Amino acid sequence: MSNLAIQFTGAAALEVVERPVPEPGPGEFLVEATKSLISTGTECICYNRWFDPGTHWDRWVKYPFSPGYSSAGVVRAVGPGVEKVKVGQRVAGRKNHAKYWLGRESEIGASVVAVPDGVSDEAATWFGIGSIVQVGVRAAEHRLGDDVVVIGCGILGQVLVQYARLMGAWTVVAVDVSEMRLNVAKQHGATHAVSEPVNRCRDAVAEATGGRMASVVYDVTGNASVLSPALGLARDFGTVVILGDTGVPSGQRLTSDVITRGLRIVGAHDSHPPRESTRHLPWSREAINALFFTYVQRGDLRVDDLITHRHDPRDAKVVYDGLSRDRSQVLGVVFDWTRVG
């Protein structure tokens with residue numbers, strides 16, 4: 001057996017490398033991946049080095065860089081002391097794109113989770129995205145009947161639309177220049193769709209909300225220029241959540257009325273949930289993961305039908321180059337590791 005893995009070797013440079021299959025040591029287990037989901041926004045930023053020097057991106061992406069953070073597969077071997085998983089069990093992990101990866105007993109619940117019956121491997125690969133979006137939804141501190149605007153209907157935005165409806169939103173206005181993405185958002189709970197650049201959609205948002213404007217605006221684009229017009233879509237004393245992490249924060253600008261209108265601007269990041277639940281911080285990463293899978297099992301959250309493309313991992317260079325040029329007709333992109341012998 002050999003272990004294929006995807007590796008970024010420089011700006012817009014990639015290799016599919018062959019490594020030995022790792023042996024699980026004490027407290028470790030070996031997983032053979034079946035599927036892994038590309039986080040298209042994050043991974044394109046890393047692949048192309050679309051970020052400013054000195055940012056946290058710059059500190060994080062050091063070549064050779066292993067992309068990917070959501071993989072599902074089957075446990076093939078366990079090391080001494082492993083009791084929480086068994087050979088043959090399906091699991092999903094916050095792991096890189098590779099045919100085989102090691103998990104640790106200490107990661108169970110937070111970074112590696114058992115895949116429940118009735119949840120496909122492809123759906124399980126979305127648990128990392130589901131966790132990130134939950135961070136943003138909790139940061140927004142929603143109230144029943146909120147008017148919500150979601151700017152950017154990529155994979156995070158599509159999950160966010162569904163969470164907003166689960167939180168009891170009155171209206172959910174999806175904003176994107178891609179008609180395909182807007183149609184999918186409407187199929188998954190958006191009450192209104194606006195196919196205009198964000199700096200030209202204020203009137204449409206006002207109409208959709210009956211003039212109230214948005215209680216909560218989500219910027220899920222990762223585009224620095226979106227923040228300023230996004231602020232104008234919030235009602236007085238409303239909240240703007242920055243969930244799309246831009247690589248060029250120097251390009252984000254506040255408007256002059258942020259203070260006078262009492263706007264609340266909240267940053268939400270994958271690193272925010274605590275490792276373990278406490279009385280004051282009950283929503284640990286483990287609890288967030290469990291809720292995601294419960295929603296998927298019950299049919300409250302649909303992610304299987306958000307997958308638009310499936311690829312052989314050996315075609316990764318073509319895949320990332322295509323995603324870098326145009327993602328308007330793309331949502332979930334999965335590497336199918338069962339194609340690799």
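Let's start at glycine 168, which takes a positive phi of about 90° just after helix H5. Keep in mind as we go that this is a predicted model.

How many of the residues of H5 are buried? The count is 10 of the 12, so the helix is largely enclosed by the rest of the structure. Among these buried residues are Ile155, Leu156 and Gly157, along with Val159, Leu160 and Val161. Gln158, Gln162, Tyr163 and Ala164 are buried as well.

Now let's turn to a sheet. Six strands form an open sheet with parallel pairing, in the order S10-S9-S8-S11-S12-S13. Which strands stand at its edges? They are S10 (192–194) and S13 (264–267); each has a single partner strand, so one side of each is left without a neighbour in the sheet. On average, neighbouring strands here are turned by 20° against each other, direction ignored.

We can follow some of the pairings in this sheet. Strand S9, residues 171–175, runs parallel to S10 and is joined to it by three bridges. One spot to look for is alanine 174, whose bridge partner in S10 is alanine 193. Helix H4 (residues 127–140) packs on the sheet, where it touches strand S11 (214–219), strand S12 (234–242) and S13. The direction of H4 makes about 150° with that of S11.

On the H4 side, the contact is made by Phe127, Gly130, Ser131, Gln134 and Arg138. H9 contributes Arg285, Ile288, Asn289, Leu291, Phe292 and Phe293. Sorted by kind, the residues of this contact are five nonpolar, four polar and two charged.

Another helix pair is worth a visit. Helix H1 (residues 40–48) packs with helix H10 (residues 316–325) at about 100°, and 10 Å separates their axes. H1 and H10 are therefore roughly perpendicular to each other. From H1, the contact takes in Thr40, Glu43, Cys44, Tyr47 and Asn48. From H10 come Lys317, Tyr320, Asp321, Leu323 and Ser324. Four of the residues in this contact are nonpolar, three are polar and three are charged.

Our last stop is a set of antiparallel strands. Strand S4 (residues 71–78) runs antiparallel to strand S5 (residues 90–93), and four bridges join the two. Along this pairing, alanine 72 stands opposite alanine 92 in S5. S5 also runs antiparallel to strand S7 (residues 112–114), to which it is joined by three bridges. Here valine 91 stands opposite alanine 114 in S7.

Technical notes:
Residues are numbered from 1 along each chain as its sequence is written. This is a predicted model: local features need pLDDT of at least 70, side-chain atom pairs count only at pLDDT 80 or more; totals for chains, interfaces and linings use all residues. Side-chain values use heavy atoms; hydrogens and water are left out. Buried means under 20% relative accessible area, exposed over 50%, partly exposed in between (1.4 Å probe, protein chains only). Two strands pair if DSSP finds at least two bridges between them. Axes are lines fitted to C-alpha atoms, for helices over the stretch in contact, and angles run from 0 to 180 degrees between N-to-C directions. Contact means heavy atoms within 4.5 Å. Angles under 35 degrees count as roughly parallel, over 145 as roughly antiparallel, 65 to 115 as roughly perpendicular and the rest as oblique. Ala, Val, Leu, Ile, Met, Phe, Trp, Tyr, Cys and Pro count as nonpolar, Asp, Glu, Lys and Arg as charged, and the others, Gly among them, as polar.
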